[in-house]
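Could you walk me through this model in my viewer? I would like to know what to select next and what I will find there.

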Amino acid sequence: MPITQTREISPATRLENVRYAIRDLACVADEVERQGHKILPLNIGDPLNFDFQTPPHMIEAVYKAMRDGKNGYSSSSGIPQALEAIRGEAERKGITTIQDVFVTSGVSETVDICLTALLNPGDNLLTPCPDYPLYSAVLAKLEVGLRAYYLKEEDGWQPDLADIEKKITPRTRGIVLINPNNPTGSVCTRKTLEQIGEMARRHNLIIFADEIYDKLIIDIDDDPHVAMAEVAPDVPVVTFGGLSKNYLAPGWRIGWGIASGEAAVIKPYLEGVNKLLRARLCANHPEQYAIQAALEGPQDHLVEVRQKLRTRRDLTMKWCEETSRIHCVTPRGAFYAYPSIDIPEGDDVFVTELIRQKHVTVVHGSGFGQRPGTKHFRIVFLPDEKTLAAAYSAIGSFMRQRYSQ
Ligand SMILES: Cc1ncc(COP(=O)(O)O)c(C=O)c1O
């Protein structure tokens, strides 16, 4: 009879602060689906769940790579033609002081490697609030406390510069900037970027510029995206990009980092990054062949994607404007809207009851972090107009029934 272990295997205490509201809510949605209801999913930012397809020339490039036997490990920083194409892309973004480029398994891995290579216990990194939860999860793993700066709703969700300045300590090593932003859909002005660059310069900080949505600017003609690293060429910046959003291939897990700034300042840090890149061997190999195809091939899909996003954003805003208790800053990039709600209960209760009663899934603001006393929810407006209209009608009816007394 083998000896059976009786003591339970507990997870590390450092995971206590890891939250991922987007996926956690999926459990409630699964329960509702098991009861036979169809869910209207306005919660997951995967374009491939809706009427968007990966451009065929990218699929061909990966298929050819697999057929040509590119199925072993690649070099740790990535295949040469992909690195070349990313450099070209960085130059088109106006980045002039490129010091290194590397390919990872999604921006998720870029974030993990870049934060791990930087932070010692006791250091801190300024992250936006509300934020994309991956950042706080990686910081929890590194046992680095969260030091969040607010985005200012009354200023179109621009980073609150006074709050950033106030939160910098002698142990602050860097600032995370998500632009275009998840969950607010805001896009930083050049002036904001210049001021953040100036703060980084004064306090010797590195900037992590998560620009994974940079081609999904909804009103592109009025409002082009400005890269952080273009505005502050002398400041150490790692710009994050990838195929998941702009190029509609999230399942391929391809992301990258572009490091820029003064060579002498950033080089020691980049040695640390490369050490970690080597330790995890490489990113998915055949999928890397799609990078050059994506960045240098036809960009026609972007016109169609932006057109769909504009129509769906406008429909979303019309509904927000017509609905009492809701107020929303117009999203200018990505595919998220982040309305505030004026209700007498928590936004987590609001979203959970909304799934249970009306089968519509959105994510509560408290899942992303928000200013105390405020309540929000995040809408993903990727679904087609018919689905969005049905979802908004259901949310409206839920709110009338629940809050009109
Ligand atoms: C701001 C932001 N950064 C990073 C990611 C992760 O991207 P990837 O699929 O490249 O890992 C996402 C995914 O939603 C995101 O919204």
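Start by selecting helices α12 (residues 347–358) and α13 (residues 385–403) in this predicted model. Their axes cross at roughly 110°, a value between 65 and 115 degrees, so the two helices are roughly perpendicular to each other. The axes come within 11 Å. To see where the helices touch, show the side chains of L354, Q357 and K358 on α12, together with A394, I395 and F398 on α13. Coloured by class, this contact shows four nonpolar residues, one polar and one charged.

Next, move to the strands. Select β11, β15 and β14, which form an open sheet in that order with antiparallel pairing. On the edges you will find β11 (336–337) and β14 (363–364), each pairing on one side only. Now zoom in on β14 and β15 (residues 377–380): two bridges join this antiparallel pair.

Last stop: the ligand. Which residues are closest to the ligand? Select G106, V107, S108, N182 and S244 to see them; in total, 14 residues surround the ligand. Then highlight helix α4 (residues 106–116), which gives the most to this shell, with three residues. Finally, colour the shell by class: six of its residues are nonpolar, seven are polar and one is charged.

Terms used:
Residues are numbered from 1 along each chain as its sequence is written. This is a predicted model: local features need pLDDT of at least 70, side-chain atom pairs count only at pLDDT 80 or more; totals for chains, interfaces and linings use all residues. A residue is near a molecule or strand if its C-beta atom, placed from the backbone, lies within 6 Å of it. Helices (H or I, at least four residues) and strands (E, at least two) are DSSP runs, numbered from the N terminus. Ala, Val, Leu, Ile, Met, Phe, Trp, Tyr, Cys and Pro count as nonpolar, Asp, Glu, Lys and Arg as charged, and the others, Gly among them, as polar. Axes are lines fitted to C-alpha atoms, for helices over the stretch in contact, and angles run from 0 to 180 degrees between N-to-C directions. Angles under 35 degrees count as roughly parallel, over 145 as roughly antiparallel, 65 to 115 as roughly perpendicular and the rest as oblique. Two residues are in contact if their C-beta atoms, placed from the backbone, lie within 7 Å. Two strands pair if DSSP finds at least two bridges between them.
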